[in-house]
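Subject: Structure handover

Hello,

Here is the structure we spoke about. Please open it alongside this note.

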Amino acid sequence: MRKRGLKRTAAMMTLTLAMLVSACSGNNGGTTPANNGGTDNTGAEKPAAETTQELTTLRVLVVEPGTKWNTYPDSVIAKEIARKVGVKIEYVEADDNKFNVMLAGGDLPDIVRADPNKYAKQLIEGNLIVPMDDMLAAHGGDITANVPGVVEYSKKNWSAGQDKVFFLPPQVQPKPSPVAKTMTIGPTIRWEYYKEIGTPEIKNTDDLLNALEQIVAKHPTTEDGKKIYGVSMWQDWGLWPYSIPFIFETQQLAANTDIMVKEEGTDQYINFLTNEKSSFWKAMEFYNQANLRGLLDPDALTMKHNDYLAKATAGQFVVGPATWAMGDFNSQYAKDGKGYVVIPAGKLLWSGGVGPLGWADKSYSISKSSKNPEKAMEFLNYLYSYEGARAMYSGIEGEHWEMVDGKPVLKDATFTLKNEGGAAWESTGIALDRNLIGLGSSVEDPATGTPVDLFTTVDALAKNVTALEKDFSEHYGASYPGEVVQKLVEEGKYNDFSTPYQGLSDDEIVAMATIVTPVLDEELTKIEAQLKELGARHAARIILSKNEAEFEKNKQEALKAFKDAGAEKITEYYTAAYTEARAAAGVK
């Protein structure tokens, strides 16, 4: 298969930018013991230090309800972390409101996962988190060796002017993946139902509604008599249901505020609420039409995420926004070949991309309240080691994979376990929370020349297919789902997140990835919070409009309310600040 590579340039970059691009080049190679951070001079990987000491419990605050880490405290991954680092991890979940209450209280868990673009000033100036610099020197050898550019960027941009390291983002991926992986976000439809109606092309949300209408007419109830709805959503993730599910058509993503979005490959942000071409207004039209056609779950405007997952597991939705949003349905019916897959639709396929700065909105910091900050540092270091990342993604050597001719290779039994899914696979803890893993899945371990996620090699991707994925892939003339993506993108039929980077040099990629996104000041942050609340409130009224005239009336009232609340203040500030940031990063 042709690798989706980028052209190289001979020009030298500045030290900081060079470090970003070369974070995975192997210059500082292997995993190091947690107590010294050193590497030998051969470049060979050295095993992390094992511990027999009493376990230290570290509590991790995550602003994300519905995680599964605490469900499996004795997973093989949890045991491996305990063996290598001597810690036990417990999640403390919070939504935005609970998180703000905890910030106000000041007593935070050991590790805090939050967006530094939003919360750096409050966390640092409030003396709620500690600088990591000295601990990095003592216990962070893998971090400083493997993601040095992130360390430098964090000092300069996420330290409230202190030039210290307070935040470390997960999923650092300096270069595009050479192979495409299975899509996880996009129109996620019951594949056997979609095939039954002839797999009509889905160019836009109107096409999707027509497909849903056909399917619900054929399948009004589940096998056990529960009503099937075309689509639903949940309401405890802010404006999420009006953004992410529609990216396949609008190609619009937000940065560090939900209010401003930018189409992939463009250089201009637009206001999510006031610009009528945004995903928000696409969502309003879609959900309103779904409701008028009887396709919208009546609980969609009040339901919480966990309740949504329960309905999805019961097979009550034809389409959802992501594979992980469809509960355990696929696991339950893996042997039968039934389930949900993300289909090619619209303009953008959720695949590819680069992340020299990782998933910044989920960056890790160490709390001032922690009684074990050094242990927290050792744990974070493990997440950024090649050995740690490989274990988190792929399991344990000898149990899930083995070395063959100097390269780690997954065992057949591991593929079988993963493909069968269900609790047996989930309880291993493998890739249970990718937000926790420091290195991106395609980062290459220089000691073996293989990605840390062993499931992302071409051989593994072709082998690791369920009956459902095989049927889906063969329908599009491919052997595995990622090959479907790669084929369609290379043919120019769709974009993916790597498309804007094609033809760029390494320094141009880093420049694009390190544009400092504007941070809202205190006044604008208050306006943002009010706008998000207004957005959710008006959305319900608009979606329930009984006809076109009422829809238009409710739309105009909402637009006026957004503008009266100060939406244009955010637009004007963000536009000007982003233009300046592009210039500062050297991006034309």
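Below is what was found, feature by feature.

**Ground rules**

This is a predicted model, in which local features need pLDDT of at least 70 and side-chain atom pairs count only at pLDDT 80 or more, while totals for chains, interfaces and linings use all residues. Residues are numbered from 1 along each chain as its sequence is written, and side-chain values use heavy atoms, with hydrogens and water left out.

**Helix α19**

Helices and strands are DSSP runs, numbered from the N terminus (helices: H or I, at least four residues; strands: E, at least two). Helix α19 spans residues 467–475. Its buried residues are L468, E469, F472 and S473. Buried means under 20% relative accessible area, exposed means over 50%, and partly exposed is in between (1.4 Å probe, protein chains only). Seen down the axis of α19, the buried residues fall within an arc of 125°, so they line one face of the helix. That arc is taken from the directions from the helix axis to the C-beta atoms. The packing partners of these buried residues are α8 (191–196), α13 (329–332), β10 (340–342) and α20 (481–490). After α19 comes G477, with a positive phi near 75°.

**Nonpolar cores**

A nonpolar core is a set of buried Ala, Val, Leu, Ile, Met, Phe, Trp, Tyr and Cys residues joined through side-chain atoms within 4.5 Å. The largest one has 74 residues. Within it, Y242, F280, M284, Y287, L531 and F562 touch the most other members. Take L531: leaving out residues up to four places away in sequence, it touches I259, L273, F562, A565, A567 and I570. Contact here means heavy atoms within 4.5 Å. A second, separate core holds 50 residues, including I143, Y364, I366 and V443.

Strand β5 (residues 185–190) joins β9 over 3 bridges. Two strands pair if DSSP finds at least two bridges between them. I189 has V319 of β9 as its bridge partner.

- A558 sits in helix α23 (residues 548–564). A558 is buried, at 0% relative accessible area. Beyond four places in sequence, A558 touches W281, H538 and I542.
- S154 lies in helix α7 (residues 148–157). S154 is also buried, at 0%. Outside four places in sequence, S154 contacts S159, K164, V165, F166 and F167.
- S385 is in the loop between α14 (373–383) and α15 (386–394). S385 is buried at 0%. Its side chain reaches the backbone oxygen of Y382 at 2.7 Å.

**Positive phi without glycine**

Q251 has a positive phi of about 60° although it is not a glycine. Q251 is in the loop between α10 (247–250) and β6 (252–254), and is buried at 5%. A431 is not a glycine either, and its phi is positive at about 50°. A431 is in the loop between α17 (422–426) and β14 (444–445). At 23%, A431 counts as partly exposed.

Best wishes

Note on methods. Polar contact = N/O pair within 3.5 Å; in protein donor to acceptor, adjacent residues only side chain to side chain.
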